[in-house]
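Please look over the sequence and the structure below before reading on. The report after them is written for someone meeting this structure for the first time.

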Amino acid sequence: MAKVLVVTSGKGGVGKTTSTAALGVALAKGGKNVVLVDFDVGLRNLDLVMGAERRVVYDLINVVQGDAKLAQALIRDKRIPNLSMLPASQTRDKDALTDEGVARVIAELKERFDWIICDSPAGIERGATLAMRHADVAIVVTNPEVSSVRDSDRIIGLLDAKTERAERGEQIQKHLLLTRYDAARAERGEMLKVEDVLEILSIPLIGIVPESEEILRASNLGAPVTLAANPGAPARAYFDAARRLNGETIEMIMPNDRKGFFGKIFGRRAA
Amino acid sequence: MNLISFFRRPATAPIAKDRLKLLLAHERGAVGASNVIALLREEIVAVIAKHFPVEGDAIKVRMETGDVISTLEVEVEIPTQLCAEIKGAEKDKAATTLKVTASA
């Protein structure tokens, strides 16, 4: 049974696209048929983060408006055969997306894939509500920082009000993905702790992704962290989160990237 | 300030947590209450309309959120002429305001 997952946050720049890409690769590596759908019309970036920016011919809006067939617009990943993506349009604006058109595309994707992962634009406007509209599961990406937590709270309210499931009186599964976490700073009282964010937002935790140099490296290369041969701490967090999405129970590992004095000096040069 | 406190900056995360909790308690209340207020308004209009021929927009329902107590304010504007006919009083003012404030 296909599942629609929305990756959302309210605030921009917290790691929605990075997390969509990393989770998509992790789920596909686990054997699922996965498609990533970019809903950020006008500001598409999932193609770039996935390293497929030069392969975009047709996009979501072309399919919604009937100018292209779904199969023409889908870009199959060259590294993982059971992973595809549907890019957003870079030239149109989000008014070109209609409710019925999106519903039709999602229904068609559900016939072909196990997981449909919708990368939401920032904000609480139409683009964001369209991305979450058909979701069965939501991942709320949050940084341990006041403005991100506040916006996540707002998005959680929207998930409970504006999704199809909510309107039918059904539950939408909501998960918190804490990104850019620095355990050492949280320990020193300089950053909100995992427990603090959980207490405030009160939705279950699906993963803690540590602040890491690997993330920028991955987007520089257009290769999500979960593609690497030797997965580091962020990749492991995404792999575990992907398994939790599939219903597995795995112990939550606190990424403890604390390096000693020498580790800091020599570790940086080595990376 | 001694040497230790100079190097060890004060913890700011607890402040962030407290500020967020306070703020979100207000914001959630405001978002959640808006439906209740709309409902209250409809019901109040229905009750008052039984006795006075007032229009819907003559009734204002507001929720003011304070630190310790919040107030629910209901303001009903009734044309003075009407009021005078019923009560036989109050002819100077253009409109009579019936104001009810309740602590919530």
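This is a predicted model: local features need pLDDT of at least 70, side-chain atom pairs count only at pLDDT 80 or more; totals for chains, interfaces and linings use all residues.

Residues are numbered from 1 along each chain as its sequence is written, chains are lettered from A and ligands numbered from 1 in the order in which they are written, and side-chain values use heavy atoms, with hydrogens and water left out.

## The contact between chain A and chain B

Chain A and chain B each bring 13 residues to their contact, where contact means heavy atoms within 4.5 Å. Between them the two chains bury about 1200 Å², with 56% of it on carbon and sulfur atoms; buried area is the accessible area (1.4 Å probe) that two parts lose on being put together, summed over both. Of the area that chain A buries against chain B, 39% comes from A:Val146, A:Arg150 and A:Ile200, more than from any other three residues.

Five salt bridges are counted between chain A and chain B, a salt bridge being a side-chain nitrogen of Lys or Arg within 4 Å of a carboxyl oxygen of Asp or Glu. One of them joins A:Arg150 to B:Glu27, with the closest N and O atoms 2.4 Å apart. On the side of chain A that touches chain B, helix 7 (146–162) and helix 10 each supply at least two residues; helices (H or I, at least four residues) and strands (E, at least two) are DSSP runs, numbered from the N terminus.

## Helix 7 of chain A

Helix 7 of chain A has 17 residues and reaches 24 Å from its first C-alpha to its last, close to the 24 Å expected at 1.5 Å a residue, the expected span being 1.5 Å times one less than the number of residues. Its buried residues (under 20% relative accessible area, 1.4 Å probe, protein chains only) include A:Val149, A:Ile155, A:Ile156 and A:Leu159.

Conventions. Buried means under 20% relative accessible area, exposed over 50%, partly exposed in between (1.4 Å probe, protein chains only).
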